[in-house]
Amino acid sequence: MIIDAILKINSNAKCSVSGSDIDTCEITWHDGTTPISKEDIKAMIPTVEQELKDAEQAAIDKKASGKQKLKDLGLDDAEIKALIG
Amino acid sequence: MSSILKVDQLQDSGGNNIITSDGSGNITTGTGMGKVLQVVGTQTDTVFSTSSTSFVDATGFSLSITPSSASNKILISLHFMYGLSASVASACRLLRNTDVITLGDPLNNLGNVYAAHGSTNQGFGNFGINYLDTPNSTSALTYKLQVLRGSGSGSLHINNRNSGTSTEDRIGSLTLMEVSG
């Protein structure tokens, strides 16, 4: 999550993060990447969290709509399960 | 009445040492008695994430051992969960001190952690190997895991699938066993 927030700020950032708490984690910047302050990273985390939730929900919605379209084509639940599990 | 038999050496009928003691409780045994002589291990639930496209040390996966004989081998057991934030190929390798332990792969990779999937979804899995190393040394050896994020964008995570949820943190382990040669 922390590194995703970093990449949201700078998509080309090369870095490593040890730990999952922004206040205590250790960030190492590689290949001359300009460091980003923890405050800026912290501010970006809610945005990344929301995007992650949205993406997961979108995947759920897509699966549901795909199933419905298969049903609309006449497939029963067993056939759909055989196709997509 | 119990008895105590005190000896410092046992030999077979051919005069070959089977078991020898230095008198202080330190035992050595003859060849052909394959066994584990010492075991060291480390476990970590520290989540390590990287976007580096060159190999970097993974926190918590470093361990030292000193073989008692140059003819002995080191059995390495490495296990961890990984996650990928996007469609990206990643890789890992093990180092013995500064030397890459290679399995013959031209990239010196022990293995690839890879997932191909939609650009917004995550991929995750488990990685584990057992590798018998022949260091030919009696010096202290430090084994460590290095990882990189390969092609594509996003990041590689060790000990979490990149959920950002600490309840999904997992424990990775590195165990070294000195085995008689």
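This is a predicted model: local features need pLDDT of at least 70, side-chain atom pairs count only at pLDDT 80 or more; totals for chains, interfaces and linings use all residues.

Residues are numbered from 1 along each chain as its sequence is written, chains are lettered from A and ligands numbered from 1 in the order in which they are written, and side-chain values use heavy atoms, with hydrogens and water left out.

Strand S5 (48-50) and strand S6 (56-65) of chain B are the elements that give two or more residues to it (strands are DSSP runs of E, at least two residues, and helices are runs of H or I, at least four, numbered from the N terminus). S5(B) gives the most, with 3 residues. By type, the chain B side divides into 3 nonpolar, 18 polar and 3 charged residues. Here Ala, Val, Leu, Ile, Met, Phe, Trp, Tyr, Cys and Pro count as nonpolar, Asp, Glu, Lys and Arg as charged, and the others, Gly among them, as polar.

Next, show strand S1 (residues 15-18) of chain A together with S5(B): the two pair in the antiparallel sense over 3 bridges (pairing takes at least two DSSP bridges between the strands). Click A:Ser16, and look for its bridge partner in S5(B), B:Thr50.

Over to chain A. Select A:Thr33, in the loop between strand S2 (26-29) and helix H2 (38-72). Is A:Thr33 buried or exposed? A:Thr33 counts as buried because its relative accessibility is 13%, and buried means under 20% relative accessible area, exposed over 50%, partly exposed in between (1.4 Å probe, protein chains only). Its side chain reaches the backbone oxygen of A:His30 at 2.8 Å and the backbone nitrogen of A:Lys14 at 3.0 Å. Leaving aside neighbours within four places in sequence, A:Thr33 is in contact (heavy atoms within 4.5 Å) with A:Asn10, A:Ala13 and A:Lys14.

Last stop: B:Ser24, in the loop between strand S2 (17-21) and strand S3 (27-29) of chain B. B:Ser24 is exposed, because its relative accessible area is 60%. Finish by drawing a line from its C-alpha atom to that of B:Val56, 32 residues apart along the chain: the separation is 43 Å.

How values were computed. A polar contact is a pair of N or O atoms within 3.5 Å; within protein, one must be able to donate a hydrogen and the other to accept it, and residues adjacent in sequence count only if both atoms are side-chain atoms.
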